[in-house]
Amino acid sequence: VDRPLAHCAPRLAQREGIDRIRGQSTPLPGEQISLKGRNSKWCLAVEDHNNVHEGTKLQLYECSHPVGQTFQVEKNNDGSMNLRYGNTDFCVDALGGTKFTNHGSYFGLYPCRTNGFNQELTHNKIGTLELTEFPGNLCMTVKNGLLAEGSHIVGAPCTGHGGLLNEFQLWDIEGSTPAPAPSPSTNTCNK
């Protein structure tokens with residue numbers, strides 16, 4: 001007996017939804033985040049997008065492969081934002097919580113939560129993605145400036161606060177307007 005195609009549509013839609021959640025073949029909803037300028041072929045991606053879990057690290061991957069590279073920008077009332085990985089319950093996180101103040105710590109995925117200081121980011125006009133809790137102190141950076149698939153994303157002192165721009169910290173988010181550029185540092189602690 002021939003069944004109309006409409007009969008199969010709900011089952012196909014359900015199957016496609018499962019594939020999106022597993023990240024197997026269809027990109028999750030959201031925007032790609034790429035390095036700016038001459039490095040724009042490199043995008044933020046999750047390590048092993050088929051097996052996403054708490055602690056999955058962020059890495060670089062060529063933008064031509066959008067699976068594992070889509071993030072939803074969720075604006076907070078204070079002007080900061082959270083980056084949710086597709087439609088999952090995981091957000092970009094400075095892994096390690098309060099211990100993250102050490103430069104070189106990894107960015108990865110952790111269950112989304114409100115008021116999670118290590119998940120709140122500011123995208124400044126120059127393009128840095130910095131932890132809101134540590135303005136000017138910790139920005140998402142390509143580890144060792146190595147432009148290669150699998151290079152991890154770590155925290156490092158932010159560029160543009162009176163110094164030279166670090167091209168490995170400058171990010172474009174499709175469809176996003178960055179916050180104003182940071183003001184020069186007024187740190188008087190070292191006097």
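1. Strands here are DSSP runs of E with at least two residues, numbered from the N terminus.

2. A word on the model: it is predicted, with local features needing pLDDT of at least 70 and side-chain atom pairs counting only at pLDDT 80 or more, while totals for chains, interfaces and linings use all residues. Residues are numbered from 1 along each chain as its sequence is written, and side-chain values use heavy atoms, leaving out hydrogens and water.

3. On accessibility, Arg 84 is buried at 18% relative accessible area, whereas Glu 74 is partly exposed at 27%. Buried means under 20%, exposed over 50%, and partly exposed in between, with a 1.4 Å probe and protein chains only.

4. Next, Asp 93 and Arg 113 meet in a salt bridge at 3.6 Å, N to O. Asp 93 lies in strand β6 (residues 90-94), and Arg 113 in the loop between β7 (107-111) and β8 (121-123), 20 residues apart. Asp 93 is buried at 2%; Arg 113 is partly exposed at 34%.

5. Finally, Arg 38 bridges to Glu 167, with the closest N and O atoms 2.8 Å apart. This pair spans 129 residues, from the β1-β2 loop to the β11-β12 loop. Arg 38 is exposed at 70%, and Glu 167 partly exposed at 26%. The count comes to three salt bridges.

Definitions and conventions:
Salt bridge = Lys/Arg side-chain N within 4 Å of Asp/Glu carboxyl O. Helix = DSSP H or I, 4+ residues; strand = E, 2+ residues; numbered from the N terminus.
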